[in-house]
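Open the model in your viewer and keep the sequence panel beside it. The stops below say what to select next and what is there.

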Amino acid sequence: MNRSRSILSSLGRAKSLIPTRHSQSHSLFNQVNHHQLSSVSSISSVGLNRGSNTHFVSHQKKALFSTGPKSLLSLIAENEWCDGLETELENYMPQLCHETVVYVLRKLDKDPQKAHDFFNWVFEKKGFKPSSSVGSLMLRILVLKDMKNFWVTLRKLKERGFYLDGETYVTLLGIFKKEKMLSDATALMHFYGRMKDENVVDGVVRELVKVVLDSEWSEVVERELGGLVDDKLSDNFVLRALRELRNWPMKALSFFRWVNGVSGYGHSTVTYNALLRVLGRSESINEFWSALEEMKNAGHEIDIDTYIKLSRLFQKYVMFEDAVRLYEVMMDGPYSPSSQECNMLLRSVATSTEPNMNLMWRVVKKYDASGHGRSKAVYDGLHRALTSLGKFDEAKKVVDTMKNAGYEPDNITYSQVVFGLCKFRRFEEACKVLDEMDVEGCVPDIKTWTILIQGHFRGGEVDRALECFSKMIAKGIDPDADVLDVLVKGFLDHNEVERANQFIKETVGTLRLRPWQATYKHLIEVLLQGRKFEEALDLLVSMKNQNYPPCPEPFVEYISKHGTVADAVEFLSALSSKAFPSISAYVNVFKSFINEGRHADATDLLYKCPHHVRSHQEIFKLFGSQSNVKSPAAEGQTSLPLNANINATWVEASDKSMAMQ
């Protein structure tokens, strides 16, 4: 609260420039009835000790399960792993298919130990032969969460002849590097390298891909491929070939069609799922749906892992019609997506530029038909789309239905209304919503205020956006980095660069707030574009004081094109909290000058650098390619051959002209 008052006080001058506005608007959330949310009780399961031989089968409990992957998952999830559970699983489902194994593993990804127990059981005791896609899924579940079993599983897979595909390898390596697990990253690199060297099939796949890509599909290509694959065909071989051809979906499809029946090989669920992943893009979407129909007719199902990846891909590339159609297909099958997947799909459609309500209702209809009760997230998805389209009366009906189902409007609900009203420039009503929230006992949080402020900026109401910010402070809400970013970007979007810079200086210098690093960087880039070097340099110092790593790239680019040697010296001095920045910082500036043809300025800067920089091997190498460059800073000096043989006499003589020690 004290910080809020300080901020409000500091904004007094800016606030005085903003005219006061008063308005009345019709309540969008009237007659809100408060009641407690209903709770759903769950049946607790009897815990069994791991490894126990306790008799597991309960006929009463067994009768509760219907045959299917969901029931199998419930049986596993509700009990500790033991011999009794394995016996019951064996009696319950003697045969396990690829889709069921993937479904169970995916659903157990938050319980890596149980997922590993299940994987070992199907692998060791059931005789199930998992594909490399199943092995990769198991590794993704174990990584970080259970590193001991991760390495055990990876080694075991290799011993059984499985191949770690490049996509999974890159994913795992990226995780290790992000978490700074350097020893694991190194071990994985060595493992992958040895695996590629030892795997004969890898070379065959490379040759196969080369043949497919080098020519149009023909009988000649088929004969050449037939000589390559010979007796090497297996699901894992086909998987690897399809992965290598993933950027050429039509070529991949031709290979897929050809390989079926070669040497008695026939496609399985595994290879069909791999093909769908390759074809699931805009340029081959018709072939995707044809392949899916063919797959279903052959008695195969999309596994849940493939569905999730395809759905995310469709949403990313705004292929919402295909995403919804795929959701409907999955909901009609035995491996229906979770409620979270439904919520994510609804949110993606609702937050698109122009939400398609027909698609929204199709998702909800299919969700309802599955027997699920609508969650708050489902109502939020519908409400978000309607308010984004300006259909506030229909949105109000959704809220009424939501309340009857036991869910009260919250900050998410109100924020969606605020967003929609601002989008349609109904700013008075948007501000009024926050007043209604106070009356109804739902105090607007920082997110709701941020949406209101951002909405005003997007509508061109810059002064009014700042007024909303001041009102937020007056309510005792401390600003966070998100709202600071919205304000800075809002000013910049309306070419008010000075105002944005002044705002950051005041909030950081006077009020001790901490903007995002990205906010600093964006503002620095805009300032440099406007040739405001000193202002940008001040922000660099502010970043350093906030313990953010500096962003030297825009400065180096600016200095090389528009700056002076003095600017370079000033920048290098401000770059580090130590006496001098790193050698690489000097090298970058020197290179930028040289690349712009400013050799004399590069040499002049060299004479102004401290001794340890001028005598550094990297600097010698850099200037070794530049000969007979005169230094305008070294008065009376003659042309110098700047090469690797620069002697210590010249280095020490130039100490007298140093400007940075």
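Buried means under 20% relative accessible area, exposed means over 50%, and partly exposed is in between (1.4 Å probe, protein chains only). This is a predicted model, in which local features need pLDDT of at least 70, side-chain atom pairs count only at pLDDT 80 or more, and totals for chains, interfaces and linings use all residues. Residues are numbered from 1 along each chain as its sequence is written, and side-chain values use heavy atoms, with hydrogens and water left out.

**Stop 1: salt bridges**

Select Asp332 and Lys366. They form a salt bridge (a side-chain nitrogen of Lys or Arg within 4 Å of a carboxyl oxygen of Asp or Glu), with the closest N and O atoms 3.0 Å apart. Asp332 is in the loop between helix 19 (320–331) and helix 20 (339–350), and Lys366 is in helix 21 (residues 357–369), 34 residues apart. Helices here are DSSP runs (H or I, at least four residues), numbered from the N terminus. Asp332 is exposed, at 57% relative accessible area, while Lys366 is partly exposed at 21%.

Next, select Asp214 and Lys210, a salt bridge with N to O at 2.9 Å. Both residues belong to helix 12 (residues 200–214) and are four residues apart, about one turn of the helix. Asp214 is exposed at 51%, and Lys210 is exposed at 54%.

Then go to Glu461 and Arg425, where the closest N and O atoms of the salt bridge are 3.8 Å apart. Glu461 is in the loop between helix 26 (446–458) and helix 27, and Arg425 is in the loop between helix 24 (411–423) and helix 25 (427–440), so the pair ties together parts 36 residues apart in sequence. Glu461 is partly exposed, at 22% relative accessibility. For a network, select Arg106, Arg140, Arg277, Asp305 and Lys309, which are joined by salt bridges that share partners. The count of salt bridges comes to 34.

**Stop 2: helix 27**

Select residues 462–474. At 1.5 Å times one less than its number of residues, the 13 residues of helix 27 should span 18 Å, and its end C-alpha atoms are 19 Å apart, which agrees. Its buried residues include Val462, Leu466, Phe469 and Ile473. Gly476 follows helix 27 and has a positive phi, near 90°.

**Stop 3: aromatic rings**

Rings of Phe, Tyr and Trp (its six-membered ring) pair if their centres lie within 6.5 Å; planes under 30 degrees apart count as stacked, over 60 as edge-to-face and the rest as tilted. The count comes to 24 aromatic pairs. Select Trp151 and Phe176, a stacked pair at 6.5 Å centre to centre, with 15° between the planes. Trp151 is in helix 9 (residues 147–159) and Phe176 in helix 10 (residues 166–178), 25 residues apart.

Now select Phe469 and Phe503, an edge-to-face pair at 5.7 Å centre to centre, with 70° between the planes. Phe469 lies in helix 27 and Phe503 in helix 29 (residues 497–509), so the pair ties together parts 34 residues apart in sequence.

Terms used
Helix = DSSP H or I, 4+ residues; strand = E, 2+ residues; numbered from the N terminus.
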